[in-house]
Amino acid sequence: MQLGIRLHDTTKLPFEERIADVHQLGFACGHLALSKVIDEFPTTDEALTPGLAMYIKNVFARNQVDIAVLGCYLNLANPNKEQLAQTVHRYMAHIRFASWLGCGVVGTETGAPNETYTFTPECHTEEALKLFIANLRPVVKYAEQMGVVVAIEPVYRHIVCNSVRARRVLDEIDSPNLQIILDPVNLLDIANYQDREAIFQEAVELLGPDVAMVHLKDFTVRDGKLLSMGCGFGDMDYTTILKFMKERKPFIHATLEDTKPENNQQAKNFILQKYAEV
């Protein structure tokens, strides 16, 4: 496992100092969401030039930190055609940029069939899934042309809410340039968390061959709500996921999520110890 962190969870510093700090903290890779990490210069679609990519790539290389994923978490099921066109344009700009950066994947979640990107029962319908697949196809086709992997992240409260639906998206689009970001906690909700071990096993069985990277966080249930947090601060059992990683994908990128600058070392040490034990 090459362990990293979601970069916008780290101490807010100028870009170059921030990546240097990530290296000093002992992380091997990072999840880069451009607009959440970089304030000093624009990261609009037109600003994503080969020159900017080379600059960012060199900053990461100098600090021995991989770009595990370039985040582009926008709604591909937006029913507003104008907004959807802008979103697709943004994805394609990120895919081009990733090809110049040499990063692992362009990552995305799977949206909601509304303009507000909020959970409604319609998210889990057949119609919503068909809409998402139709809108994802041209994005994946462009990724094929640019030699980049797009990885979708199943989330219970989004359209691709479980491993069965994720497997269907993979099979219907049928492209080696479409893979999975596996975030086990994102497959859980207050409605199903008590079945979490079966849910994790299903994810490994159905999606394992296509998992490109892993997100690691923890969860607990409080006041009838499922809350996520940094590793080691909740009730998560990581055995199934870490064993899968260790046995089948030993050099996979895995990034911590929902940490804070004051606890990321504790979360890192916790998960490294658990990984050593499985």
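Phenylalanine 41 is partly exposed, with a relative accessible area of 22%. That value sits outside the buried class because buried means under 20%. The model is a predicted one.

Follow the ring of Phe41 to its partner. Phenylalanine 41 and tyrosine 55 form an edge-to-face aromatic pair, 5.9 Å centre to centre with 75° between the planes. Phenylalanine 41 lies in the loop between helix H2 (34-37) and H3, and tyrosine 55 in helix H3, so the pair ties together parts that are 14 residues apart in sequence. Tyrosine 55 is partly exposed too, at a relative accessible area of 30%.

The count of aromatic pairs comes to 6. In another of them, the rings of phenylalanine 15 and tyrosine 55 have centres 6.1 Å apart and planes at 50°, so this pair is tilted. It links distant parts of the chain: phenylalanine 15 belongs to helix H1 (residues 15-24), tyrosine 55 to helix H3 (residues 50-62), and 40 residues separate them. Phenylalanine 15 is buried, with a relative accessible area of 0%. Ring pairs link Phe15, Phe41, Tyr55 and Phe60 into a cluster.

Isoleucine 56 touches Phe15, along with Leu32, Leu34, Ile38, Ile67, Phe97 and Leu101, leaving aside residues up to four places away in sequence. The largest nonpolar core has 82 residues, and Ile56, Leu136, Val169, Leu216 and Met245 have the most contacts inside it. Helix H5 (residues 126-146) supplies the largest share, 9 residues. Another core, of 8 residues, lies apart from it and includes Ala68, Val69, Val105 and Met213.

Now the sheet. A closed barrel of 8 strands runs E1-E2-E3-E4-E5-E6-E7-E10, with parallel pairing. From one strand to the next the twist averages 30°. Strand E1 (residues 2-6) runs parallel to strand E2 (residues 29-32), and 3 bridges join them. Arginine 6 stands opposite histidine 31 in E2.

Helix H8 (residues 239-248) packs on this sheet. It touches strands E6 (178-182), E7 (211-216) and E10 (253-256), and its direction makes about 140° with that of E7. Thr240, Ile241, Leu242, Phe244 and Met245 are the buried residues of H8. Their cover includes E6, helix H7 (196-207), E7, E10 and helix H9 (264-277).

Between E10 and H9 comes a loop, and asparagine 263 has its place there. Asparagine 263 is buried, at a relative accessible area of 14%. A polar atom of the asparagine 263 side chain lies 2.8 Å from the backbone nitrogen of lysine 260.

Methods:
Residues numbered from 1 in each chain as written. Predicted model: local features only at pLDDT ≥ 70, side-chain atom pairs only at ≥ 80, totals over all residues. Heavy atoms only, no water. Pairing = 2+ DSSP bridges. Helix = DSSP H or I, 4+ residues; strand = E, 2+ residues; numbered from the N terminus. Axes fitted to C-alpha atoms, helices over the stretch in contact; angles between N-to-C directions. Contact = heavy atoms within 4.5 Å. Buried < 20%, exposed > 50% of the residue type's maximum accessible area, 1.4 Å probe, protein only. Polar contact = N/O pair within 3.5 Å; in protein donor to acceptor, adjacent residues only side chain to side chain. Core = buried A, V, L, I, M, F, W, Y, C linked by side-chain atoms within 4.5 Å. Phe/Tyr/Trp six-rings, centres within 6.5 Å; stacked < 30°, edge-to-face > 60°.
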